[in-house]
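Please read them with the structure open.

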Amino acid sequence: MSSVGHIEAPPKRVHMPRFGGAALSRGFVITYLSVLVLIPIAALAVRSTEDGWDGFWTAVSHPMAVDAIILTILASLAVVVINAVMGTLLAWVLVRDDFPGKGILNSLIDLPFALPTIVAGLVLMALYGETGVLGIEGISFTIAGVILALLFVTLPFVIRAVQPTLMELDLEMEEAAASLGARPFTIVRRIILPNLAPAILAGSALAFARAVGEFGAVALISGNIPGKTQVAALFIYSRIESGDMSGATAVSVVLLAISVSILFGFHMINRWSTRHGR
Amino acid sequence: MAARGIADSRINVVQGSRRARLTMRTIGIGYLLLLLVIPVITVFIKAFEDGAANAWETITSPEGMHAFWLTLVMVVVSVPLNTIFGVVCAIVLVRHKFRGKALINSLIDLPFAISPVVVGLALMLVFNQRDGWFGPWLADHGIRVLFSPIGMIFATVFVSMPFVVREVVPVLQEIGDDQEQAARTLGANGWQTFWRITLPSIRWGVTYGVVLSTARALGEFGAVAVVSGKISGVTETLPLYVSKQYETFNVSGAYAAAVLLALLGLATLFAMNLIERGGRKRDQAITNTGHTPGTGLSRGEETR
Amino acid sequence: MSIVVNSVTKRFGDFVALDNVNLEVRDGSLTALLGPSGSGKSTLLRVIAGLEQPDTGTVVMNGQDVTRVPVQDRGVGFCFQHYAAFKHMTVRDNVAFGLKIRKRPKAEIEKRVRELLELVHLEGFIDRYPGQLSGGQRQRMALARALAVEPKVLLLDEPFGALDAKVREELRAWLRRLHDEVHVTTIFVTHDQEEAMDVAEQIVVMNEGRIEQAGAPRELYEHPKTEFVMSFVGPVNRLGYEFVRPHDLEIGHVPKQGAIEAMIERIVHLGFEVRVELSPAEGDRLWAQLTRQQAEELELAENQIVYVRPARKKVFDENGPRTEELLPA
């Protein structure tokens, strides 16, 4: 990373002494990010290799750790698929349909972003948990409960990604397709969905990242049963509580790797879709 | 007129049959009801299942009150820090050119992608007093970060860091720097330009970011759970308190505390909607020129 | 294919977009719908296409009532003002779209696509995406796409509206030639009277949801039936109920029967044409169109007092529209 010292105003910027100076603001940003993000993550990376590659591998390949990682990935994939379908459908209903109360519905979408995750978990327990109002068996302390909780917290991602794209979608494109003989179903499949695909993918990527790391919402509803409902974040937490830092760190690094690659993928999707002028 | 015509006919081109439309609407609304609305209402009902007295007691107990105040402290400290950082960082990212900018740009999104528990663990590795990177040195100087509010603030700032940046960056990109340059040609210095031109034009973005940061800071659970040690009456925030009540079988108490948190969340949601409405009106005034590809992505995806 | 529109009315809320419109379009003709924005011309085009359902009235094509026939089955080719290019498809896939919908054999599709791209001079762009084309190229691609399915009617909504002046003129000429070659019944919408007169065989002038007049370009210019047509088709000076084309204003240095006194405010030399802006002793300002030679012979100068006389004028009063010509005095 560039250090603060070498930053000289290039000639064309002579007219703008930024507030407090460019160097100062840049230095502030870099310091803030380093202290808060870079150093802790570096500590994580360093700690994970402290016992050497073998130590890392032993910790990661522990059956409970493997179970937790697989469970997390599978549950997140299921959540992403449901989100991609329901999110696109809801975005469609919110943009193209019209009915009384649509505005309220639209505001509700952001609720999971506004509600603390522990409350989200509790909320679902209140309705679907064993002592809950509906008390549906096989929700709390099962994988279904985990998926439900993850669906709750990731609900807005795909909708909020698809909505603006759908609003900006050129209606004439659909009419052109119709005038060329395409029926509604064909128009959706060959014109609308391909144009929404980058947004759906990007929203799904963010939802996946969130689902993989989620802790608060699943903490209560999952029951934290190793091999059954203990997702990676819960596994890490249990390891920390029991003082097994190596185990916690190893799985954390795996989660971190997943997060970073998703983030990378997300940026690629964005860049690709901007390049195609969509 | 023409636009209205298109809007009408669009329905007969793609929307297809009325039945298809009603089916989709029903599925969509049903999904939201089952996943969001009914569960949230249930919590409100359940909170008062054991009577309002128990709910009141849980919230007004010394631990409850302390948790409430500590939560507010988290918000009051971390949100302003992130707001200042967010605005400066957005300006640096949009208006400055330098090597390493791309790296900063991707680092900022990391807190969105990393599990809160991993954040907590990472902070633990830096600050624990036995073998952390800085922990022993800080302990020698009498500063305790882990299992104290300081560490919790670190965690909260970490997880809520990107909101302001991500809201302000697209706004700055959209308005361009014409107005700022105009102000300079009229003799304004850097500070004056920032206060009089830049800040007023990004204020909706900043406010929206602040609201989102506040929501996140209020509700952070995982990262804070790890670094706080969850000491009742000392390092217990409201979300931690809720989980403690639930685990100690004071279920309706947990729901009561959750309702308090939910109300704070709903207030946030309400604020978000108010701002969105105000901001959108403004946006329309700015971008009245038809298609603005990418802006949708920046709000819907990049920001969250 | 002939098109007949029978008393079509279309409302959007309180706004009456089409008010009892009747229109006939001959098979193989090239027709322009001309009018200001909000006159209903685009709505009429969309009703003919089937993109808009009229509230009342019928659309008849080749003697068949197609009012309830969906756009997919009307056999029309429609070109949109903003091209409506399928952004996620190459030029080839754009043009082939309608043929693929009709499940034509692959080889035939490829052959047809190449023919059409040759016709619109886009042979070299077959694998490009619309984002990589200029506005004019995109419009030509959209035309090829519409023509691919061999429509019986070609409908173009402000086809050149979003293009710059030079490209617009090229495409106009090209559209005329195309029509000569393909002979498909063509209707296009425009707000530019020059474009309409340049390209169309028949012009339909619309205003406030009604058809003011339909006819050949020359007929509209020479024999407008309403004040609106008079002032929309070609430049005009207004003297109460009388309308005079600027080139029908005679300028002289001595008073004559029927002439009014006016002061020359400004003289604008536009090459061959000279515009003289006049301020009469009473009434609104006028302008006259002279050739350079005429202006030189008269030795006109600014602030000069001259006598102006309409050689030919149109009167629209309760007795109906008529032309009055003055004998050279």
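1. Basis. This is a predicted model, in which local features need pLDDT of at least 70, side-chain atom pairs count only at pLDDT 80 or more, and totals for chains, interfaces and linings use all residues. Residues are numbered from 1 along each chain as its sequence is written, chains are lettered from A and ligands numbered from 1 in the order in which they are written, and side-chain values use heavy atoms, with hydrogens and water left out.

2. Chain A overall. Chain A has 12 helices and zero strands. Helices (H or I, at least four residues) and strands (E, at least two) are DSSP runs, numbered from the N terminus. The C-alpha atoms of chain A fill a box of roughly 70 × 65 × 35 Å along the principal axes.

3. Packing inside chain A. Helix α3 (residues 63–96) and helix α9 (residues 184–213) of chain A have axes that come within 9 Å and cross at roughly 140 degrees. That angle makes α3(A) oblique to α9(A). Axes here are lines fitted to C-alpha atoms, for helices over the stretch in contact, and angles run from 0 to 180 degrees between N-to-C directions. Angles under 35 degrees count as roughly parallel, over 145 as roughly antiparallel, 65 to 115 as roughly perpendicular and the rest as oblique. The crossing of α3(A) and α9(A) is right-handed. A crossing is right-handed if the near helix is turned clockwise from the far one by less than a right angle, and left-handed if anticlockwise.

4. Residues of that contact. Contact means heavy atoms within 4.5 Å. On α3(A) the residues include A:T72, A:I73, A:L77 and A:W92, and on α9(A) they include A:I192, A:L196, A:F208 and A:V212. By class, the contact of α3(A) with α9(A) has 14 nonpolar, five polar and no charged residues. Ala, Val, Leu, Ile, Met, Phe, Trp, Tyr, Cys and Pro count as nonpolar, Asp, Glu, Lys and Arg as charged, and the others, Gly among them, as polar.

5. Chain A with chain B. The contact takes 110 residues from chain A and 105 residues from chain B. About 9,600 Å² is buried between the two chains, and carbon and sulfur atoms give 75% of it. Buried area is the accessible area (1.4 Å probe) that two parts lose on being put together, summed over both.

6. The axes of helix α6 (residues 117–128) of chain A and helix α2 (residues 18–47) of chain B come within 8 Å and cross at roughly 85 degrees. This makes α6(A) roughly perpendicular to α2(B). Among the residues that meet are A:L122, A:L127 and A:Y128 in α6(A), and B:L34, B:I38 and B:K46 in α2(B). The contact divides into 12 nonpolar, one polar and one charged.

7. Helix α11 (residues 232–241) of chain A and helix α6 (residues 116–127) of chain B have axes within 9 Å, crossing at roughly 30 degrees. That makes α11(A) roughly parallel to α6(B). Their crossing is left-handed. A:A233, A:I236, A:Y237 and A:I240 face B:V117, B:V118, B:L121 and B:M124 in this contact.

8. Chain C with chain A. Here 27 residues from chain C and 21 residues from chain A are in contact. The buried area is about 2,100 Å², with 60% from carbon and sulfur atoms. In chain C, C:Q72, C:K87 and C:H88 lose the most area to chain A, together 31% of what that side buries.

9. Salt bridges. A salt bridge is a side-chain nitrogen of Lys or Arg within 4 Å of a carboxyl oxygen of Asp or Glu. Two are counted between chain A and chain B, and A:D97 forms a salt bridge with B:R25, the closest N and O atoms being 2.8 Å apart. Chain C and chain A also have two. A:E175 pairs with C:R46 in a salt bridge at 2.7 Å between the closest N and O atoms.

10. Within chain C. C:R210 forms a salt bridge with C:D19, with the closest N and O atoms 2.9 Å apart. C:R210 lies in strand β10 (residues 210–215) and C:D19 in strand β2 (residues 15–25) of chain C, so the pair ties together parts that are 191 residues apart in sequence.
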